[in-house]
Amino acid sequence: MSADIIDGKAFAATIRGKVADHVKALHDEHGLVPGLAVVLVGEDPASQVYVRNKGKQTEEAGMASFEHRLPAETSEEDLLALIARLNAAPAVHGILVQLPLPDHIDEAKVINAIDVAKDVDGFHISNVGLLATGQKALVPCTPLGCLMLLRDRLGALSGLDAVVVGRSNIVGKPMAHLLLRDSCTVTVAHSRTRDLAQVCRRADILVAAVGRPEMIPGDWIKPGATVIDVGINRIPAPERGEGKTRLVGDVHFESAAQVAGAITPVPGGVGPMTIACLLANTVTACCRAHG
Ligand code: GUN
């Protein structure tokens, strides 16, 4: 193996430490306690784990955590009423509605009902527009975490060729805007891209966010490239025993690590950065709310 392993777990712990210091200062100097409300509709097991972790880490950083767990059959109207209450609650500085929502609820309508200034996920159409036009926005947490890892590794990103594989609203599109803002030459590739291998081979920075286990092999990677693997895919692992599974990314780690200059592992790469950035966004929202 030649690549350096980018330790997102350690980096995220450093960010959480800085957030906790900032929270303490806000409390000691201004009597403020940043508050994050997380809304979960339904019983999706993966979402339950995320929401539990968010609540735990919010409290560990010294912030107030408000959890709202609603049954899967909650009506859109009731969910919108809850959002309206959270928008009006002074103790709540950030609101996150865990996605995906059940099919009978219009996701865009719910997200756009969140007060832009409390939209710590950065999914509200106004925050999307602010980011796209290079203005002060709340930025989606996973791509923000990827950007922090890239800047830490590479310093200035200006002029580098960046390829983002995946065009989701949560990761691919905001990632492309962030890289563009840092003056990269950005290509967004996706499932219809012709000769994806050749496109990936151009990348000094390769961000994989497609949700397909180990789809990108080492021979698609430019020697020395920095590879950020956003994928979290659970696959069968019969070698660990019957019925066992393991987590893998969208990149085939073993072969990619032979070629890349640096690579994030799964788990322990991008994953921990997402919640750390959520906490940071909540503090940002709190500071902006109080001038
Ligand atoms: N579901 C998967 N990722 C995310 C995320 O970053 N935010 C929200 N709200 N839901 C998600």
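Tutor: Domain bounds come from an automatic or database domain assignment. Here the chain divides into domain 1 (30-117) and domain 2 (141-272). Before we go on, this is a predicted model, where local features need pLDDT of at least 70, side-chain atom pairs count only at pLDDT 80 or more, and totals for chains, interfaces and linings use all residues. Residues are numbered from 1 along each chain as its sequence is written.

Student: What separation do the centres of domain 1 and domain 2 show?

Tutor: The centres, taken over C-alpha atoms, are separated by 28 Å.

Student: Which residues surround the ligand?

Tutor: A residue counts as near a molecule if its C-beta atom, placed from the backbone, lies within 6 Å of it. The shell holds Leu96, Val97, Gln98, Leu99, Asp121, Cys141, Thr142, Ile170 and Thr274. Strand S4 (94-97) and helix H6 (141-154) are the elements that give two or more residues. Such helices (H or I, at least four residues) and strands (E, at least two) are DSSP runs, numbered from the N terminus.

Student: How many of the shell residues are nonpolar, polar and charged?

Tutor: Ala, Val, Leu, Ile, Met, Phe, Trp, Tyr, Cys and Pro count as nonpolar, Asp, Glu, Lys and Arg as charged, and the others, Gly among them, as polar. The shell has 5 nonpolar, 3 polar and 1 charged.

Student: Where does the ligand lie relative to the two domains?

Tutor: Domain 1 (30-117) and domain 2 (141-272) both give residues to its shell, so the ligand lies between them.

Student: What is the strand order in the open sheet of 3 strands?

Tutor: Two strands pair if DSSP finds at least two bridges between them. In this sheet the order is S3-S2-S4, with parallel pairing. Strand S3 (64-70) and S4 stand at the edges with a single partner strand each, so one side of each has no neighbour in the sheet. Strand S2 (residues 35-41) runs parallel to S3, joined by 7 bridges. Gly35 stands opposite Ala64 in S3.

Student: Which strands does helix H2 lie across?

Tutor: Contact means C-beta atoms, placed from the backbone, within 7 Å. Angles run from 0 to 180 degrees between N-to-C directions, with axes fitted to C-alpha atoms, for helices over the stretch in contact. Helix H2 (residues 45-60) lies across S2 and S3, at about 170 degrees to S2.

Student: What is the strand order in the open sheet of 6 strands?

Tutor: The order is S1-S11-S8-S7-S5-S6, again with parallel pairing. Strand S1 (4-5) and S6 are the edges, each with a single partner strand, so one side of each is left without a neighbour in the sheet. S1 pairs with S11 over 2 bridges. Asp4 has Ala262 in S11 as its bridge partner. H6 packs on this sheet, touching strand S7 (205-208), strand S8 (226-229) and S11.

Student: How do the axes of H6 and helix H7 cross?

Tutor: The axes of H6 and helix H7 (residues 172-181) come within 8 Å and cross at roughly 40 degrees. Pro143, Cys146 and Leu147 of H6 meet Pro174, Met175 and Leu178 of H7. The contact residues divide into 6 nonpolar, no polar and no charged.

Student: What is phi of Ser183?

Tutor: Its phi is near 65 degrees, a positive value in a residue other than glycine. Ser183 lies in the loop between H7 and strand S6 (185-189).

Note on methods
Two residues are in contact if their C-beta atoms, placed from the backbone, lie within 7 Å.
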